[in-house]
Amino acid sequence: MSNTKNNTKNNTKNNTKNTVLTAAGELFGRKDPGAVDRWAAADYTQHSALAADGPEALRRLVAGLPDDFRYEGARVIADGDLVVLHGTYHGFGPDPLVAFDVFRVDADGKLAEHWDALTPLVRRTASGRSQTDGPTQVTAPEETEANRALVARFAQEVLVGADYSVLTDYISAETYHQHNPEAADGLDGFGAAAAKWAEQGKNLVYKTVHRVIAEGEFVLLQSEGEFGVPVAYYDLFRVHGGKIVEHWDVVAPIPAELPHDNGLF
């Protein structure tokens, strides 16, 4: 019975992943506005700061993409009806933008809802790692729920609760690969970056964790807080051996006004 349940879960994940990857390929790869009819639900709900609500706004966005626009994908995570894309957009503006996109797929296999956060690509980072490189494949699907629980506790105790005395209960003291462009590897690298941010009046303040999306060793937190100004935090963690060993993120300011009434979250 358990094998049947696992196979059903895996099939669902594969189906939602395939739906989102195929839809994104047609919309943003081929730049085909007609793909909206095939893939967007009639009540498509938009949370992005870059587009208005509904399928017609998505159609206008796709139709207006420049010739040199392209998307460079890094990793894909599926959790129930949610699919996360992590990658880089080229051609949205003068500089490439690193992004997390979250799509909800409805029971009909259509894109029903979308959230995102984007930040400029940084060529020279403190760790020497890019904002998107590193492991991409899910290799430990059986650890999904344990890793989700670990990162959820970390979020409440350390990020929201600001109790850094328990940091090593969650983050490996031996291996912590960092992809935030301003922080070097390791806990010392994070500590130095946090001290520098504090001097700049940008304390890391997490107020609300809106979603915890997990598959295997990868767990994404979608949170709201402040970093000098109100921001959306998208933090992707890789867990190995019961500890967080790698971190990617996008920290995006929350605009005063949005082109819809759905909010960013």
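I count a residue as exposed when its relative accessible area is over 50%, and as buried when that area is under 20%. The model I am reading is predicted.

**Helix α3**

I started with α3, residues 55-63. P55, A57, L58 and V62 are buried there. I checked how they sit around the axis. They cover an arc of only 155°, so they lie on the same side of α3. I then looked at the other side of α3, where R60 and A63 are exposed. I noted the helix rule as well: an α-helix has 3.6 residues a turn, so residues three or four places apart point the same way.

**Largest pocket**

Next I looked up the largest pocket. Its volume is about 510 Å³. I found 32 lining residues, and N180, W197, F227, D249 and V251 are the closest to the centre. Which elements give two or more residues to the lining? They are β5 (111-120), α4 (144-160), α6 (186-199), β9 (230-240) and β10 (243-253). β10 gives the largest share, five residues. By class, I have 23 nonpolar, five polar and four charged residues in the lining.

**Positive phi**

Last, I checked backbone angles. Most residues other than glycine have a negative phi. K31 has a positive one, near 55°. I place K31 in the loop between α1 (2-29) and α2 (35-39). Its relative accessibility is 24%, so K31 counts as partly exposed. A162 is not a glycine either, and its phi is positive at about 55°. I find A162 in the loop between α4 and α5 (167-170).

Terms used:
Residues numbered from 1 in each chain as written. Predicted model: local features only at pLDDT ≥ 70, side-chain atom pairs only at ≥ 80, totals over all residues. Heavy atoms only, no water. 1 Å grid on protein atoms, 1.4 Å probe; cavity = no way out; pocket = protein on both sides within 12 Å on 5 of 7 lines; lining within 4 Å. Points joined across faces, edges and corners; volume = space filled by probe spheres on them. Helix = DSSP H or I, 4+ residues; strand = E, 2+ residues; numbered from the N terminus. Nonpolar A, V, L, I, M, F, W, Y, C, P; charged D, E, K, R; others polar. Buried < 20%, exposed > 50% of the residue type's maximum accessible area, 1.4 Å probe, protein only. Arc of directions from axis to C-beta.
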